[in-house]
Amino acid sequence: MSQKQFGFFTRLLDDVPAAQRYALALEQIRAAEAYGFQSAWVAQHHFHGDEGGLPSPFPFLAHAAAQTSRIRLGTGVVTLVMEDAVRVAEDAVVTDILSGGRLEVGFGSGGTPTSYPAFGENFSDRHAVFNRKLHTVKSAWTGQELPDGNRLWPVGTGLEKRSWQATFSVFGAERAGSDGDGLLLSRTQPRRPEKPDASLWELQVPMVEAYLNALPDGRDPRILASRSVFVADDRAKALRLAEKGLSRQVRKFRAAGHTIDDTNIDTLIRTFDVHIGTPEEVVNSLLRDRTLDHATEIAIQVHSIDPEHPYILRSLELFATQVAPILANKNNALFSK
């Protein structure tokens with residue numbers, strides 16, 4: 001591994017009403033800042049609260065900015081196909097100003113297929129629409145004239161240099177690189193039928209290589225690897241919580257027609273690419289992940305275990321105080337506030 005930064009990621013899935021979800025996520029972000037994490041990321045989801053609890057990330061991040069002072073705040077991701085590109089550009093600039101320049105904006109084309117019609121879009125057209133809207137957003141940020149002759153106000157704040165693209169494919173990674181954007185890698189992703197037992201890093205390292213090869217000369221790589229990480233004082237307790245949370249995921253996947261091996265908790269952990277256990281166990285697990293050799297940032301999340309709020313806070317504390325320093329020392333780097 002090279003020198004790393006560490007981030008916290010949440011889909012806001014606490015099993016409570018929306019107002020309480022937001023309050024708990026804000027407490028988790030404040031805790032992450034206090035423990036020295038460099039970034040906090042939120043996902044955007046429409047309509048389906050059991051997939052993600054935040055349809056509007058910019059108001060939430062503006063509120064989070066008012067309650068923090070240092071931590072970078074990111075979208076992981078804005079589902080751009082279902083958004084108005086000019087409004088995204090405007091909302092991001094205002095949020096960035098309010099945060100003191102701490103905003104990072106990750107974009108993606110994916111989302112629940114049934115959500116697209118409500119926004120007048122078709123899931124099958126998502127890639128072409130994504131490319132067009134991303135061009136509009138970045139053009140607006142750099143002060144270029146929009147098709148009707150208008151220009152963005154407030155003016156751009158350099159967000160085009162803090163833009164990221166999420167992808168599951170080598171092609172998407174190459175596009176992110178050629179665009180000079182950061183690369184967002186998922187905590188898990190589908191396996192190809194011919195390689196059902198492939199490790200996550202076997203899928204993602206070729207994406208990293210394509211990204212690096214496509215980067216313009218002189219552009220520093222930005223590669224964020226999101227990972228499912230749950231650190232606990234006691235492995236047995238962690239496994240009990242994991243079995244409960246991952247079993248919920250099995251039911252969802254089977255309802256969608258997928259085949260999931262739930263022979264035991266170990267197979268579930270492998271299937272969902274989870275790093276779990278005591279600090280020492282999590283360190284050893286993460287060190288086997290070859291994608292992290294290339295990542296400039298690791299963002300941890302407790303999904304799909306989704307333990308209760310106190311366990312999330314404890315996991316953040318244990319990662320920051322016992323896992324991150326070891327990872328940093330192994331890379332001759334510092335994890336500092």
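This is a predicted model: local features need pLDDT of at least 70, side-chain atom pairs count only at pLDDT 80 or more; totals for chains, interfaces and linings use all residues.
**Exercise 1. Helices α3 and α4**

Task: Classify the angle at which the axes of α3 and α4 cross, and list the residues that meet.

Solution: 
- Step 1. Find the helices. Helix α3 covers residues 85-98, and helix α4 covers residues 126-141.
- Step 2. Take the geometry. The two axes come within 8 Å and cross at roughly 40°.
- Step 3. Apply the scale. Roughly parallel needs an angle under 35 degrees, and roughly perpendicular runs from 65 to 115. The crossing is roughly 40°, so α3 and α4 are oblique to each other.
- Step 4. The crossing of α3 past α4 is right-handed.
- Step 5. List the residues. From α3 come Ala85, Val86, Val88, Ala89, Ala92 and Val93. They meet Lys133, Thr136, Val137, Ala140 and Trp141 of α4.

**Exercise 2. Aromatic rings**

Task: How many aromatic pairs does the whole structure hold, and what kind of pair do Phe107 and Trp141 form?

Solution: 
- Step 1. Count. A search of the whole structure gives seven aromatic pairs.
- Step 2. Take one of them. The centres of the Phe107 and Trp141 rings are 6.0 Å apart, with 40° between the planes.
- Step 3. Classify. Planes under 30 degrees apart count as stacked and over 60 as edge-to-face. The Phe107 and Trp141 pair is tilted.
- Step 4. Phe107 is in strand β4 (residues 103-108), and Trp141 is in helix α4. They are 34 residues apart, and the pair links distant parts of the chain. Both Phe107 and Trp141 are buried.
- Step 5. Look for a cluster. Phe6, Phe37 and Phe319 form one.
- Step 6. Look for charges over rings. The charged end of Arg126 sits over the ring of Phe123, 3.8 Å from its centre. The charged end of Arg222 sits over the ring of Trp164, 4.8 Å from its centre.

**Exercise 3. Backbone in the loops**

Task: Are Leu12 and Phe47 buried or exposed, and which peptide bonds are cis?

Solution: 
- Step 1. Check phi. Leu12 has a positive phi of about 55° although it is not a glycine. Phe47 is not a glycine either, yet its phi is positive, about 75°.
- Step 2. Locate them. Leu12 lies in the loop between β1 (5-10) and α1. Phe47 lies in the loop between β2 (39-42) and α2 (57-66).
- Step 3. Use the cut-offs. Buried means under 20% relative accessible area, and exposed means over 50%. Leu12 has 0%, so Leu12 is buried. Phe47 has 58%, so Phe47 is exposed.
- Step 4. Turn to the peptide bonds. The bond from Trp153 to Pro154 is cis, with omega near 0°. The bond from His303 to Ser304 is cis too, with omega near 15°.
- Step 5. Pro154 is in the loop between α4 and β5 (163-166). Ser304 is in the loop between β9 (297-301) and α10.

**Exercise 4. Leu98**

Task: Describe the surroundings of Leu98.

Solution: 
- Step 1. Leu98 is found in helix α3.
- Step 2. Its relative accessible area is 57%, so Leu98 is exposed.
- Step 3. Leave aside neighbours within four places in sequence. Leu98 is then in contact with Ala62 and Ala65.
- Step 4. Compare with Glu194. Leu98 and Glu194 are 96 residues apart in sequence and 48 Å apart in space, C-alpha to C-alpha.

Key. Residues are numbered from 1 along each chain as its sequence is written. Side-chain values use heavy atoms; hydrogens and water are left out. Rings of Phe, Tyr and Trp (its six-membered ring) pair if their centres lie within 6.5 Å; planes under 30 degrees apart count as stacked, over 60 as edge-to-face and the rest as tilted. Helices (H or I, at least four residues) and strands (E, at least two) are DSSP runs, numbered from the N terminus. Buried means under 20% relative accessible area, exposed over 50%, partly exposed in between (1.4 Å probe, protein chains only). A charge sits over a ring if NZ of Lys or CZ of Arg is within 6 Å of the ring centre and within 35 degrees of the ring normal. Axes are lines fitted to C-alpha atoms, for helices over the stretch in contact, and angles run from 0 to 180 degrees between N-to-C directions. Angles under 35 degrees count as roughly parallel, over 145 as roughly antiparallel, 65 to 115 as roughly perpendicular and the rest as oblique. A crossing is left-handed if the near helix is turned anticlockwise from the far one by less than a right angle, and right-handed if clockwise. Contact means heavy atoms within 4.5 Å.
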